[in-house]
Amino acid sequence: MTHHKTHSQPKLPTRDRVLDAAERLLAVGSAAFSMRELAEEAGVSFATPFNQFGSKAAIMLALSARLIASMQQKFAQASLPDTASARALLAVDIAVSVMLAAPGVNRAIMAAIGAPSDDPGEVSSRSAALWAEAFGDGTALLPATRPLALAILPNQLATAFRGVLSFWTAGEIPDRLLKKRARAAAATVLLGFVSREDRIHLICLLQEVS
């Protein structure tokens, strides 16, 4: 008789167990899950999700933060193009790929963080940080407006991407068009700050969605 050894897997931190459980519930369409259901799914006491996060709204914000962290990690591991605008478009492509990895789950997260809350979280600043990383020192942005571009474009791109995601969350943009629409939104924001050569490329990109 052959005996198979069982190796115990290291336990995830409690916080991650709760977030993973929330994702599993969202994946089966249980966006309205209760904190009791979440605790049962995570295999923790009823009080644990409250102790770790305080509220269901805070859990959804934490899931959003994990999405952005995944985008940042994938961007950090990518082979980066030379210009700031090309890197911004790469960041868009990576962000879209993360959202489409689990569309149902991520739509539910977006819907939840779009609702009014006593604690709106830091989604905007976290997202802007991704775009700021993409721009780097602003290589190939117009020198005269580069300081302004580096100051405002990360927030503007975060806003533009969030706008596209809101229509995607509502079902008005299908999965197959999300990347194209997100790239077009970014291109529109970038147009006034890039070199002539980059502007031609961005206009061609916009013509593809017209």
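How many cavities of 30 Å³ or more does the count come to? I looked this up and found one cavity of 30 Å³ or more.

**Basis.** I worked from a predicted model, in which local features need pLDDT of at least 70, side-chain atom pairs count only at pLDDT 80 or more, and totals for chains, interfaces and linings use all residues. Residues are numbered from 1 along each chain as its sequence is written, and side-chain values use heavy atoms, with hydrogens and water left out.

**Overall layout.** I noted ten helices and zero strands in the protein chain; helices (H or I, at least four residues) and strands (E, at least two) are DSSP runs, numbered from the N terminus. I recorded a span of about 65 × 50 × 30 Å for the C-alpha trace along its principal axes.

**Cavity.** I took a cavity as a set of points, on a 1 Å grid over the protein atoms alone, where a 1.4 Å probe fits but cannot get out; lining residues have an atom within 4 Å of a point. Grid points are joined across faces, edges and corners, and a volume is the space filled by probe spheres set on the points. For the largest cavity I noted a volume of about 30 Å³. I listed its lining as Val-92, Trp-131, Leu-157, Ala-160, Phe-161, Ala-182, Ala-185 and Ala-186. I classed the lining as eight nonpolar, no polar and no charged residues, where Ala, Val, Leu, Ile, Met, Phe, Trp, Tyr, Cys and Pro count as nonpolar, Asp, Glu, Lys and Arg as charged, and the others, Gly among them, as polar.

**α5 and α9.** I next looked up helix α5 (residues 84-100) against helix α9 (residues 175-190): they pack at about 150°, with axes 10 Å apart. Therefore α5 is roughly antiparallel to α9. Axes are lines fitted to C-alpha atoms, for helices over the stretch in contact, and angles run from 0 to 180 degrees between N-to-C directions. Angles under 35 degrees count as roughly parallel, over 145 as roughly antiparallel, 65 to 115 as roughly perpendicular and the rest as oblique. I recorded the crossing of α5 and α9 as right-handed; a crossing is right-handed if the near helix is turned clockwise from the far one by less than a right angle, and left-handed if anticlockwise. In the contact (heavy atoms within 4.5 Å) I found, among others, Val-92 and Asp-93 of α5 and Ala-182 and Arg-183 of α9. I counted nine nonpolar, one polar and four charged residues there.

**α5 and α8.** I found these axes 12 Å apart at an angle of about 30°, which means that α5 runs roughly parallel to α8. I noted a right-handed crossing. The contact joins Ala-88, Ala-95, Val-96, Met-99 and Leu-100 of α5 to Leu-157, Phe-161, Leu-165 and Trp-168 of α8. I classed its residues as nine nonpolar, no polar and no charged.

**α6 and α8.** I then took helix α6 (residues 103-113), whose axis comes within 9 Å of that of α8 and crosses at roughly 115°. Helix α6 is therefore roughly perpendicular to α8. I recorded this crossing as left-handed. The contact includes Met-110 and Ile-113 of α6 and Leu-165 and Trp-168 of α8. I counted six nonpolar, two polar and two charged residues in the contact of α6 with α8.

Technical notes. On a 1 Å grid over the protein atoms alone, a cavity is a set of points where a 1.4 Å probe fits but cannot get out, and a pocket is an open set with protein on both sides within 12 Å along at least five of seven lines; lining residues have an atom within 4 Å of a point.
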